[in-house]
Amino acid sequence: MKNVVILISGRGSNMQAIVKARLPNTRIAAVISNRPKAAGLAWAAARGIPTLTVDHNAFDSREAFEDKLAEAIDHFDADLLVLAGFMRILTPSFTQRYEGRAMNIHPSLLPAFTGIHTHQRVLATGCKIAGCTVHFVTAELDHGPIVAQGVVPVADEDTSDSLAARILAVEHRLYPAAIRWFIEGRLSIIGGKVLLSNAHSIDDSSFIVPTAEL
Ligand code: GRF
C-alpha cells in the first residue's frame, strides 16, 4: 500500500474523483486543506478519510506555515503528495522536500497559460483547443515535468464557465490515471521529461476528447 496525501483549498472535485477511483494499492491517508471552510473537507470526513486544516492565516510567515504543513504530511507517511486545487504558492525548500513525489493539476495545456484565469485567457486569445496538465511539482509555479495532458475543443460560444466545466470533466479522468501510474512505479523523470513505462499506445498519457464525447 502506498500512502497518498491530498492537499485542497476548496470544493475538492478532483480529490473526490481520485477517492472514487479506488486505485489499487493506494490508501488516501489524509486530505489536508489550508482553508478551514473548504467544502472538500466535509466530503472526505464523511467517507472516513482523516482530514486536517493547516490554516495559512494562523502563521506569521510562509515558512512557518509550510513547516506545519510538512509535519502534517509526514505524519501520514506520504509516498505521494497530490495538489488538487491547492491555492498556495509553495517555497523552493518545500517543493524540494517532495521533489519527484508531488503532483499538481493545472487547467491549461502547459507550458501555456500558467497561473490564474486560464480559461478567460484561452478565450481571449482565440485558442481552438484547451485542456489540463498533470505535472510534478517543482519550485517554479505550474512548471515541472509533465505527466499527462487532456485536450478539449473550444467552442465559439464558450464562456469561461462552460470551458472550465468541459476541462474539469477531463481532469477527473486524467488525475486518477496519473496517480495510478505513479503508484505502479511506471513514471520516471529523465532529463526533465516524464517517461511512462509499459505504455500500450501513444494515447496512454494524453486524452484527446472528441466533441462527440462531450
Ligand atoms: C481545478 O480546475 C484544478 O485544475 C485547479 O483548480 C481547480 C480545482 O478544482 N488547480 P477542485 O477543487 O478539484 O474541484
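Is Ser33 buried or exposed? At 1% relative accessibility, Ser33 counts as buried. Before I go on, please keep in mind that this is a predicted model.

Let me stay with Ser33 for a moment. Ser33 sits in strand β2, which covers residues 26-33. Leaving out neighbours within four places in sequence, the residues in contact with Ser33 are Ile8, Ser9, Ala38, Leu41, Leu52, Thr53 and Val54. There is also a distance to mention for Ser33 and Ile6. They are 27 residues apart in sequence, and 8.5 Å separates them in space, C-alpha to C-alpha.

Now the helices, starting with α1. Helix α1 is residues 13-20, and helix α2 is residues 39-46. How do these two pack? The angle is about 20 degrees, and the axes are 9 Å apart. Angles under 35 degrees count as roughly parallel, and α1 and α2 are therefore roughly parallel to each other. Their crossing is right-handed. On the α1 side the contact is made by Met15, Gln16, Val19 and Lys20, and on the α2 side by Gly40, Trp43 and Ala44. Sorted by class, that contact has 4 nonpolar, 2 polar and 1 charged residues.

Helix α1 also packs with helix α6, residues 160-183. Here the axes come within 9 Å and cross at roughly 50 degrees, so α1 and α6 are oblique to each other. This crossing is right-handed. Which residues meet? From α1 there are Ser13, Asn14, Ala17 and Ile18, and from α6 there are Leu168, Glu171, His172, Tyr175, Pro176 and Ile179. By class, the contact of α1 with α6 has 6 nonpolar, 3 polar and 1 charged residues.

Next, the cysteines. How many disulfides does the count come to? The count comes to 0 disulfides. Cys127 is in no disulfide, and the nearest cysteine sulfur, in Cys132, is 15 Å away. As for accessibility, Cys127 is partly exposed, with a relative accessible area of 22%. Cys132, at 0% relative accessibility, counts as buried.

Val122 is in helix α5, residues 118-125. Is Val122 buried or exposed? With 4% relative accessibility, Val122 counts as buried; the cut-off for that label is under 20%. Val122 and Ser108 lie 14 residues apart in sequence, and their C-alpha atoms are 8.4 Å apart in space.

To recap: α1 runs roughly parallel to α2 and oblique to α6. The disulfide count is 0.

Notes: Residues numbered from 1 in each chain as written. Predicted model: local features only at pLDDT ≥ 70, side-chain atom pairs only at ≥ 80, totals over all residues. Heavy atoms only, no water. Axes fitted to C-alpha atoms, helices over the stretch in contact; angles between N-to-C directions. Helix = DSSP H or I, 4+ residues; strand = E, 2+ residues; numbered from the N terminus. Parallel < 35°, antiparallel > 145°, perpendicular 65-115°, else oblique. Left-handed = near helix turned anticlockwise from the far one by under 90°. Contact = heavy atoms within 4.5 Å. Nonpolar A, V, L, I, M, F, W, Y, C, P; charged D, E, K, R; others polar. Disulfide = S-S within 2.5 Å. Buried < 20%, exposed > 50% of the residue type's maximum accessible area, 1.4 Å probe, protein only.
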